[in-house]
Amino acid sequence: MGALARIILRDGRVADLREAEDTAQDRAMLHELFRHASADDLYFRFFHMIKEVGEQDIDRMILSEGKGKSLICVSQDQVLGIGHYIMIGDATAEVAFFVDDRIQGRGLGTLLLEHLAQIAWRRGLKQFEAYVLSDNRRMLRVFQDSGYEVHEKQESGVIHLVLPLQQTERTHALQETREKLATAASLRPFFEPAVVAVVGASRDSHRLGHLLLSHVLAGPFNGVVYPVNSSAKAVLGVRAYPSVQDVPDAVDLAVIVVARDQVQSVVDDCIEAGVKAVLITSAGFSDKDEEGATLEQEITAKLRRHGIRLVGPNSLGLLNTHPEKQLNASFAPALPPSGKVAIASQSGALGIAILDYASRMGVGVSSFASTGNKADVSSNDLLQYWEDDPATAMILLYLESFGNPRKFSRIARRLSQRKPILAVKSARTMDSAFGAESRQQSLGDEIAVQALFHQTGIIRADTLQELFDIAALLGAVPLPHGNRVRVITNAAGAAVITVDAIEAVGLQLAGPPVDLGFDALGQRYYDDLSAALVDPSVDAVIVLFIPVGISEAQGVSDAIRQAVEKCGLPKPVLANFLMMGHGPIDYIAGSSFRIPVYPFPELAVRALGQLTRYAEYQRQPLGRLPDLADTHLEEARALAQSWQSARESSWIGPVRASQLLDLVGLRSQLALTEQDQGFCRLGVRSHMDPLFGPILTATAASKEASSHSRLIPLTDRDAAAFAQSLLKGRQTAPFCAEVLTEFFLRVSRLVDEVPEIMELEIDEAWICHADSKVVSANILLEVRPS
């Protein structure tokens, strides 16, 4: 059976979690697990002294006959631990674990509990029970630290534990923290290796292996580098070795630069040598054909079985600019200037171009990774590594696809509160050559992507130029406190263009533009900028200048610099010097600040608009899933399960749908009088996207009906923003937004907590004086699991 999940232990070790099977191999591995166990561990597990775990004991763990589930954690063909539950009632199961004492304390017991709890809840179970000897402190800690509410009762030296399986905010938070720390540990061998082996290092200066080794050596890399070449004694003056196993030191990172057909044997060599991490630059895998995709899957599975993480294939490398950890294991010709910006690119060639552009834009880089085919390490992993990285203050992403967008959403929502995430998502549309079906799929994905970015606070750029326009501003100025912009100019024409751009991005003017003319420019720019910097009615300042001579341009630059040095930089200041500058962005640099100077006013305004929206997002409290009165989710789920068909997914009809809606506080009324009809009529649909999960779409009935979508589950913050977007531009009573927000929260909670719901359609709902009323609804339930 394939892996249920890839898990990462607290020390960064990677293993597979899968269902235990009644096979000779699994039985042998389980016997081996218990054979190496200490007498104390066996006593704690079986409650009496035992010399050997027999076949009947194994039977009880893996033969549940549909009444339980058993999961094993496997690495390097060894079982590291087992967890299983057996049902002891309609909604209750007893759970137990055993973990190899050689890896105890690394979070495996907690991970087994988390996955078993998710499986059990998905199958309709409501609680776990467990019996733990009072001296078994480690196992008690597994339950107590899980995040689940734990009820304990002492019974003659045994502690009886009861764990309700309903997930809470604390449960989610602890699980996410554990995953973040473990993922970061697993990626350190990539970004902080002590020993690097370049496999395929060549003496031929035209070969990629030669190029990459030269980049590592020129880094400069402070660790040890070993070229691996089967026929050369030395490459670039460094002694070479015929295989990774021949390298005299333990290798942290192996960079593989060989032809596709040779990668499999090199990977086997890395496994035998105990390499911690592998980066494959070779192309021709899933990026080429089915044969390559199959080979990629085999290599990834093999590395995963041995706990080795993989970047690539088809990666153009990674780098780290930290002075003590400098590494250029990429095809970028040199390390970019060190800075606070981390970059991940799915496209390798474009990633190298992005690094070059960052250097020309004056954007310093902390680290970079080309994810390639994302067979293992993805943007989700990199975000978790960079979340607590002190060298990183901002993250730039170039994305072509999402592997696990629901996980991406959880990570980005948490991370964007502390560090801005900027993204360019390509493939928004499909060329007509791909056909109508592809275009429709692209449109559906784009709606989901828009919802994801909106809910997570990610700053989305349409182009790479806009990405760096925003990054340059974010890295140079503080976030604005509002959207009021003062424009200072010496040319009315430039001001008109700027004002139009300001209105287009949703910003406001802080008074009419200040036109200084062409007399005494330096002093006038100094005076007016100084006044704007201390004016509490101004949130940001855009300085426009059309030079009439080189001396005037220098004088204006000096005036801007001196004004900021005098008043400080309490708000964003950005400039546009038309017809000046040699690069995409120039800077007016002071002793401790840089004012970005854009080549065109529209670019400056667009960057400021994005910065202002992000600042507004950051000012809001982090969303939560609030408690809602009159919700009976357990009863709703039990009812939905009783209506499931064993043959096929089925619609339950308006009457039954109204029963479920009533259980989450949404009143149904099949006919409304004029007095019942409210101020806003809408239609709502929830459907299950195979990638993004449940998506909620709402359409307000009006002359200019518009649809808006959000990903479920909705936090209170999501629901409020959703309601505001739907009511924007409509004449509604003040209470409408509040009632509509609660309506969305209740629909979201029903779909999220009753996973048997595949689709929900509310054809007509009214937002009324004090509540909402559903006129017509239907629900599609998935087939009952066997």
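The model is predicted, so local features need pLDDT of at least 70 and side-chain atom pairs count only at pLDDT 80 or more, while totals for chains, interfaces and linings use all residues. Residues are numbered from 1 along each chain as its sequence is written, and side-chain values use heavy atoms, with hydrogens and water left out.

T612 belongs to helix α18; helices (H or I, at least four residues) and strands (E, at least two) are DSSP runs, numbered from the N terminus. T612 counts as buried because its relative accessibility is 8%, where buried means under 20% relative accessible area, exposed over 50%, and partly exposed in between (1.4 Å probe, protein chains only).

Helix α18 also supplies the largest share, seven residues, of the lining of the second largest pocket. A pocket is defined on a 1 Å grid over the protein atoms alone as an open set of points with protein on both sides within 12 Å along at least five of seven lines, and lining residues have an atom within 4 Å of a point; a cavity, in contrast, is a set of points where a 1.4 Å probe fits but cannot get out. The second largest pocket has a volume of about 1,500 Å³, the volume being the space filled by probe spheres set on the points, with grid points joined across faces, edges and corners. Its lining comprises 37 residues, of which H454, R613, E616, R710 and S725 lie nearest the centre. At least two lining residues each come from α13 (435-456), β22 (459-460), α18 (601-619), β34 (707-711) and α21 (716-727). By class, the lining divides into 10 nonpolar, 16 polar and 11 charged residues; Ala, Val, Leu, Ile, Met, Phe, Trp, Tyr, Cys and Pro count as nonpolar, Asp, Glu, Lys and Arg as charged, and the others, Gly among them, as polar.

An open sheet of eight strands has the order β1-β2-β3-β4-β5-β6-β8-β7, with mixed pairing. The edge strands, β1 (5-8) and β7 (151-155), each pair on one side only; two strands pair if DSSP finds at least two bridges between them. The twist averages 25 degrees from one strand to the next, with axes being lines fitted to C-alpha atoms, for helices over the stretch in contact, and angles running from 0 to 180 degrees between N-to-C directions. Strands β5 (residues 92-99) and β6 (residues 127-133) run parallel and are joined by three bridges. T92 has Q127 of β6 as its bridge partner.

Two cis peptide bonds were examined. The bond from G219 to P220 has omega near -5 degrees, and P220 lies in the loop between α7 (208-218) and β10 (224-228). For the cis bond joining G312 and P313, omega is about -5 degrees; P313 is found in the loop between β15 (309-311) and β16 (317-320).

N314, also found in the loop between β15 and β16, has a positive phi of about 65 degrees although it is not a glycine. N314 counts as partly exposed, at 25% relative accessibility. L236, in the loop between β11 (234-235) and β12 (238-239), likewise has a positive phi, near 55 degrees. At 40% relative accessibility, L236 is partly exposed.
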